[in-house]
Each structure stands twice: as structure tokens, then as C-alpha cells.
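Please open the model in your viewer and keep the sequence panel beside it.

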Amino acid sequence: MKKIGFIGCGNMAKAMIGGIVGKRLVEPEEIFASNRSRGALDWAKETWGICVTGDNTEVARESEIVVLAVKPQFYSQVIAEIKEEVTEKQIIMSIAPGKTLQWFEEQFGRPLKFIRCNPNTPALVGAGITSVSPGKLVTEEELSRVIEILESFGRASVIPETMSEAVIAVSGSAPAYLFMFMEAMADGAVSLGMPRKRAYEFASQAVLGAARMVQETGMHPGELKDMVCSPGGTTIQAVRVLEERGLRSSVIEAMTACADKARGM
């Protein structure tokens with residue numbers, strides 16, 4: 001039996017597989033993946049040497065941990081395919097928004113070892129963060145093993161399932177907000193005469209550095225912001241305009257819309 005099986009081999013599955021192989025948590029031949037597109041499977045096999053198949057039921061039957069890595073709209077179809085193949089000893093991991101632990105129990109028709117996870121795309125560069133909400137049948141040892149897997153491509157944090165939509169809004173979808181913010185910063189720099197490639201270099205490093213300051217100093221973001229805003233200086237003028245244009249309220253409203261959409265999926 002394979003250690004870990006992925007049903008679906010899209011970007012998030014690839015990020016997870018890359019982290020697992022890179023940290024040598026299991027050997028490549030102990031990882032199984034299925035996908036509708038043969039091209040994605042061929043790429044994964046050539047890149048990492050994992051086992052691949054076009055048969056979802058084979059992955060479900062042969063894996064100790066089964067990761068459902070298809071798009072949310074295909075979950076019901078995939079579960080209908082595999083539900084008779086899985087046993088009470090296997091762990092079923094979900095990475096889709098909106099699908100609750102109760103929903104999984106109803107879809108599979110019986111209680112199993114379900115774990116609901118919400119990763120994000122920075123996992124592709126080993127800098128992701130994943131929320132972990134285990135079902136009642138998952139043991140502490142099994143949870144620790146899943147966390148070890150998730151931490152191979154970033155950080156992992158156990159949260160109550162009721163916080164899942166907030167996690168999607170604050171981390172799952174957040175890279176898109178930040179990409180837009182960096183793009184806007186670069187556009188501003190270009191308008192001030194900076195070449196675009198250099199503008200993206202400065203904008204991305206500024207965002208990366210600011211994030212590291214929050215993580216490594218333990219200081220409140222507002223306190224760190226105040227440190228940059230000298231009295232009568234340049235930064236406070238920029239902050240004044242951002243406040244005037246409603247930056248904070250726009251972000252809060254966007255996150256609320258994101259969470260509402262996730263609940264309905």
C-alpha cells in the first residue's frame with residue numbers, strides 16, 4: 001500500500017508532492033497520483049518518480065492517506081467513485097473550501113477518518129500555510145503525521161472547523177490580494193520613472209520583508225507601521241491617502257465576500 005495518494009494532480013497537489021519529496025518524508029515510489037489529464041501525470045512521474053494512474057479507485061484502494069485534490073465541483077462525483085474502496089483505517093484529506101466534515105460523512109455514507117485542510121498557493125515555493133481541522137476519529141498520532149506532511153511545504157496550524165472560511169479569506173485567497181497590491185505598487189513606481197522589472201523587484205521584496213518583520217519581531221502590524229511613519233514625513237502622506245480611499249474597509253469587505261462564497265460551495 002502506498003503512503004500517500006492524490007486524486008487530482010493540479011497546482012496544489014504538485015506543491016504538496018514537491019514538498020513531500022523534497023523533505024524525503026516518504027520515497028517517491030510510495031506516492032500515488034491520479035488525474036483526468038495524462039499530461040499532468042506524465043510530468044509528475046518524470047519530475048519526481050512517483051506512481052501514477054488514470055484510475056481514482058486505484059489510488060483510493062492503495063493509499064494510507066488519500067488527498068482529495070480535485071476542484072470542489074467534482075468532489076461529489078469523485079466520492080461516488082471511491083467510497084466503496086476506502087476503509088476505516090485510511091485517512092481522507094480534503095483541500096476544498098466549503099466542504100464540511102459532516103458533509104464528507106454524509107457523502108461517504110459512514111464515519112471515516114476525515115481531515116479538512118485549507119492550503120494556499122505559496123506552498124509552490126515552500127512558503128504556504130495550511131489550516132488543519134481533524135474529524136473525531138483521527139488520532140493524535142495520525143494528526144501529527146498529517147501536520148508533518150503539510151509542514152514540508154510551509155506552516156500548518158490546527159484550527160476549529162468553524163474558522164475555515166476565515167482561513168480561506170485571510171490566507172487561501174490572500175495571495176491574490178497581495179499580487180494585486182504589488183502590481184499597483186509597481187504601476188506607481190513605473191509612473192514615477194522606474195523600469196517595470198525593477199519596480200516588481202522592489203515591491204515584492206518590500207512585501208516579503210514586511211511579512212518577515214511581523215513574524216520575527218512579534219510586534220503588532222500597527223506598531224511596525226508607526227515606526228515607518230515619521231512626523232511630517234513621506235510615508236504618513238501615503239498612509240493618509242490610503243485611508244482616505246478606504247484601503248482597510250475594502251480589504252475587510254473583500255474578505256467577507258470571499259468567506260460568504262466559500263460557505264456556499
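**Before you select anything**

This is a predicted model, in which local features need pLDDT of at least 70 and side-chain atom pairs count only at pLDDT 80 or more, while totals for chains, interfaces and linings use all residues. Residues are numbered from 1 along each chain as its sequence is written, and side-chain values use heavy atoms, with hydrogens and water left out.

**The whole chain**

Start with the cartoon view of the protein chain, which has twelve helices and eight strands. Helices (H or I, at least four residues) and strands (E, at least two) are DSSP runs, numbered from the N terminus. The C-alpha trace spans about 65 × 40 × 30 Å along its principal axes.

Now colour by accessibility: of the 265 residues, 40% are buried. Here buried means under 20% relative accessible area, exposed means over 50%, and partly exposed lies in between (1.4 Å probe, protein chains only). Among contacts in the chain with a separation of 6 or more, 61% join residues 24 or more positions apart; contact means heavy atoms within 4.5 Å.

**Stop 1: helix 2 and its cover**

Select residues 38-48, which form helix 2, and show the side chains of Ala40, Leu41, Ala44 and Trp48: these are buried. Why do they sit on the same side of helix 2? Because they cover an arc of only 100° around the axis, the arc being that of the directions from the helix axis to the C-beta atoms. An α-helix has 3.6 residues a turn, so residues three or four places apart point the same way.

What covers these buried residues? The cover includes helix 1 (11-22), strand 2 (31-34) and strand 3 (51-53). Step just past the end of helix 2 and you reach Gly49, with a positive phi of about 80°.

The axes of helix 1 and helix 2 come within 11 Å and cross at roughly 15°. Axes are lines fitted to C-alpha atoms, for helices over the stretch in contact, and angles run from 0 to 180 degrees between N-to-C directions. That crossing makes helix 1 roughly parallel to helix 2. Angles under 35 degrees count as roughly parallel, over 145 as roughly antiparallel, 65 to 115 as roughly perpendicular and the rest as oblique.

To see the contact, show Lys14, Ile17, Gly18 and Val21 of helix 1 with Ala40, Trp43 and Trp48 of helix 2. By class, this contact of helix 1 with helix 2 has five nonpolar, one polar and one charged residues. Ala, Val, Leu, Ile, Met, Phe, Trp, Tyr, Cys and Pro count as nonpolar, Asp, Glu, Lys and Arg as charged, and the others, Gly among them, as polar.

**Stop 2: helix 4 against helix 5**

Select residues 75-82 (helix 4) and 101-108 (helix 5), which pack at an angle of about 45° with their axes 9 Å apart. That makes helix 4 oblique to helix 5.

Which residues meet here? Tyr75, Ser76, Ile79 and Ile82 in helix 4 meet Trp103, Phe104, Gln107 and Phe108 in helix 5. The residues of this contact of helix 4 with helix 5 divide into six nonpolar, two polar and no charged.

Keep helix 4 on screen and highlight Tyr75, Val78, Ile79 and Ile82, which are buried. Seen down the axis of helix 4, they fall within an arc of 100°, so they line one face of the helix.

**Stop 3: helix 7 against helix 12**

Move to helix 7 (residues 164-172) and helix 12 (residues 247-263), whose axes come within 8 Å and cross at roughly 130°. That makes helix 7 oblique to helix 12.

Show Glu165, Ile168, Ala169 and Val170 in helix 7, which meet Met255, Cys258, Ala259, Ala262 and Arg263 in helix 12. The residues of this contact of helix 7 with helix 12 divide into seven nonpolar, no polar and two charged.

**Stop 4: two single residues**

Select Glu142, in helix 6 (residues 140-150). Is Glu142 buried or exposed? Glu142 is buried, with a relative accessible area of 18%. Leaving aside neighbours within four places in sequence, Glu142 is in contact with Ile91, Lys113 and Leu137. Draw a C-alpha to C-alpha distance from Glu142 to Ile65: they are 9.8 Å apart in space and 77 residues apart in sequence.

Finish at Arg24, in the loop between helix 1 and strand 2. Arg24 has a positive phi of about 55° although it is not a glycine, and at 59% relative accessibility Arg24 counts as exposed.
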